[in-house]
Amino acid sequence: MSNPLDTDAGSELFSSYEAELKLVQADLNQKLDQISDLSGEPRKSAIRLAERTLDEANELLGQMRIEKQNIPSATRSKVNQRFRNFESDIDGQKRKLKTLSDDRKALFGNRYSDNPDSDQQLEQRQQLLSGTERLDRSSQRLRDSQRIANETEGIGRDTLADLQLQRETIQHTRMNMLESEGYVDRSVKTLRGMARRMATNRIITVAIITILVLLIIAVIYSKFH
C-alpha cells in the first residue's frame with residue numbers, strides 16, 4: 001500500500017482525495033477477497049460491484065493527478081512518489097480483478113467445462129451467442145433511437161427557424177400596415193381640409209354674387225327713380 005498521508009506535502013484537496021482513495025482501496029480489497037469464495041451468479045454480482053469500486057478509485061486517482069499540478073514544486077516530489085504508489089496499488093488490484101473475472105469455471109459454476117465437445121459447453125456457447133445477439137439488437141435499437149432523436153432535433157431546429165422567419169414577416173407586415181394607416185389618416189385629414197376650404201370658398205362666392213346682384217338692383221332702381 002501507499003505511504004502514510006503527509007499533510008505537509010500537498011494541498012488540502014489532494015490530501016482529501018488521498019484519504020478517500022485509501023478507503024475505496026480498502027473496500028476494493030475486501031470485495032476482491034470475497035470474490036475468491038464465490039461462484040456462479042453471486043460471483044458475477046460481486047465482480048460487478050468490484051468493477052464499480054475500481055472505477056471510483058480511478059476517478060479519484062484522476063482528480064489527484066489534476067490537483068497535484070497545483071502543489072508547489074518544493075513538495076511535489078513527495079506527492080509524486082505517493083501518487084505513483086497509489087497507481088501501482090490500483091494496477092495490482094485491477095490485474096487481480098481481471099484474473100478473478102477470467103476464471104470461467106468459477107464464474108459459470110458447474111455449467112463450465114474444458115471439453116469443447118460436451119453438451120454443457122455447447123449449451124454455454126449457445127447462451128453466450130444468444131446474449132451477444134440480444135446485445136447487438138439492443139445496440140441497434142439504441143442507434144436507431146439516437147438517429148430518430150437526431151432527425152427529430154433537426155426537424156425541430158428547422159421548424160423553429162421557419163417560425164422565426166414567419167414571426168419576422170408578420171412583424172414587418174404589421175409595421176407596413178401601421179405606416180399605411182398613418183398615410184391614410186394624413187390623407188383623410190388633407191381631404192377634410194380641402195373640403196372645408198371648398199365650402200368656405202363656395203360661401204364666399206355666393207356672398208360676392210349676392211352682393212353684386214344687390215348692387216345691380218340698386219343701380220337700376222336708382223336710374224328709374
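**Figure 1. Eight salt bridges are found in this structure.** Welcome to the model, which is a predicted one. Side chains of opposite charge can pair when their charged atoms come close.

**Figure 2. Asp-27 and Lys-31 join in a salt bridge.** Look for the nitrogen and oxygen atoms of these two side chains, which lie 2.7 Å apart. Both residues belong to helix α1, which covers residues 12-35. Lys-31, with 18%, is buried, because the cut-off for a buried residue is under 20%.

**Figure 3. Glu-41 pairs with Lys-44 in a salt bridge.** Here the closest N and O atoms are 3.2 Å apart. The setting is helix α2, made of residues 40-67. The two residues are three apart in that helix, so about one helical turn separates Lys-44 from Glu-41. Glu-41 has a relative accessibility of 45% and counts as partly exposed.

**Figure 4. A salt bridge links Lys-98 with Asp-102.** The distance from N to O is 3.0 Å in this view. You can find both residues in helix α3, which runs over residues 73-102. Lys-98 and Asp-102 are four residues apart there, about one turn of the helix. How accessible are the two partners? Asp-102 is partly exposed, with a relative accessible area of 46%, while Lys-98 reaches 52% and counts as exposed.

**Figure 5. Lys-68 sits over the face of an aromatic ring, that of Phe-83.** To follow this view, start at the centre of the Phe-83 ring; Lys-68 is placed 5.3 Å from that point. How many aromatic pairs does the structure have? The count of aromatic pairs comes to zero.

**Figure 6. Five residues make up a nonpolar patch on the surface.** The members to look for are Ile-204, Ile-208, Ile-211, Leu-212 and Leu-215. Together they have about 470 Å² of accessible area. One of them, Ile-211, is located in helix α5, which spans residues 119-224. The relative accessible area of Ile-211 is 49%, and this residue is partly exposed.

Key
Residues numbered from 1 in each chain as written. Predicted model: local features only at pLDDT ≥ 70, side-chain atom pairs only at ≥ 80, totals over all residues. Heavy atoms only, no water. Salt bridge = Lys/Arg side-chain N within 4 Å of Asp/Glu carboxyl O. Buried < 20%, exposed > 50% of the residue type's maximum accessible area, 1.4 Å probe, protein only. Phe/Tyr/Trp six-rings, centres within 6.5 Å; stacked < 30°, edge-to-face > 60°. Lys NZ or Arg CZ within 6 Å of the ring centre and 35° of its normal. Patch = residues over 30% accessible without salt bridge, like charges linked within 9 Å, V, L, I, M, F, W, Y side chains within 5 Å. Areas by Shrake-Rupley, 256 points an atom, 1.4 Å probe, with all protein chains shown as cover.
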